[in-house]
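Please open the structure in your viewer and keep the selection tool at hand. The stops below say what to select next and what is there.

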Amino acid sequence: MHTESRCLQCGPVPPLHVPEHIGADIVASVVDRITATGHPPGTPLWCPWPLPPGWTLTGVAYAGDDRTGVRATAVACAGPAPLGGGPADLVFVAEEPGVGLGTRLAGLAGPDPGPELADALADPGPGHPEHVGQARIRVGGHPTPLWVVNSPTDRSAYAGEARGMWLHAIAWPASAGHLLAEEVVLHDLTEWTPPELVYGAPSPYLSGKA
């Protein structure tokens with residue numbers, strides 16, 4: 001008998017909560033859950049703001065329970081692919097070490113992207129044929145590098161660090177990762193939720209339906 005949620009492959013894991021719908025009231029309830037501990041700063045809820053043209057917020061999720069608090073969050077958004085060819089989806093995950101939500105969505109093994117980042121940090125640099133490169137975005141007002149990590153060919157995945165937590169960005173299809181080469185700014189919705197946010201159909205990626 002175990003009192004905690006468990007994964008058959010990983011062992012004990014915080015339970016994942018994915019609302020079936022998305023809207024201002026859902027975002028507000030998740031923000032309330034994150035800030036309920038009364039010990040700021042909590043786990044950030046990173047959302048692109050302003051949203052890229054034509055993009056909408058399509059889902060939020062969090063991992064944790066009443067005992068441990070919120071240990072990971074995810075925000076999904078969708079819009080036109082940056083290189084054309086149809087729709088694209090992006091998910092941003094903030095999590096404490098050892099949770100594994102970001103690596104699960106990225107299709108990586110293990111709870112953390114550390115081994116993948118070690119390879120990326122050994123990148124020989126621009127001009128070398130094995131150069132990987134970085135995505136540079138602004139997170140909470142600060143320039144933040146994200147490194148490409150290996151993922152299934154149907155998506156592209158990046159990982160880095162912000163506010164002492166892992167930050168993951170996963171894009172479907174893989175070419176949608178080019179959006180991160182543009183001026184993407186992530187804002188923490190627990191600090192302020194823009195009333196101008198536009199909501200779209202719920203993302204199938206947070207609930208594992210895609």
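A search of the whole structure finds one aromatic pair, where rings of Phe, Tyr and Trp (its six-membered ring) count as a pair if their centres lie within 6.5 Å. Select W172 and Y205: these two form the pair, with 4.0 Å from centre to centre and 20 degrees between the planes, and the arrangement is stacked; planes under 30 degrees apart count as stacked, over 60 as edge-to-face and the rest as tilted. W172 lies in strand β11 and Y205 in the segment after β12, so the pair ties together parts that are 33 residues apart in sequence. W172 counts as buried because its relative accessibility is 5%, and Y205 counts as buried at 18%; buried means under 20% relative accessible area, exposed over 50%, and partly exposed in between, with a 1.4 Å probe and protein chains only.

A word on the basis of this tour: the model is predicted, so local features need pLDDT of at least 70 and side-chain atom pairs count only at pLDDT 80 or more, while totals for chains, interfaces and linings use all residues. Residues are numbered from 1 along each chain as its sequence is written, and side-chain values use heavy atoms, with hydrogens and water left out.

P173 sits in the loop between β11 (165-172) and β12 (185-188); helices (H or I, at least four residues) and strands (E, at least two) are DSSP runs, numbered from the N terminus. Another cis peptide bond runs from W49 to P50, with omega near 0 degrees, and P50 is found in the loop between β4 (46-48) and β5 (56-65).

Next, select R163, in the loop between β10 (156-162) and β11. Phi of R163 is near 55 degrees, a positive value in a residue other than glycine, and R163 is partly exposed, with a relative accessible area of 41%.

Now display the strands. Ten of them form an open sheet with mixed pairing, in the order β3-β5-β6-β7-β11-β10-β9-β8-β12-β4, where two strands pair if DSSP finds at least two bridges between them. The edge strands are β3 (16-17) and β4, each of which pairs on one side only.

Finally, select helix α1 (residues 24-35), which packs on the sheet and touches β5 and β6 (69-80), contact meaning heavy atoms within 4.5 Å. The direction of α1 makes about 30 degrees with that of β5; axes are lines fitted to C-alpha atoms, for helices over the stretch in contact, and angles run from 0 to 180 degrees between N-to-C directions.
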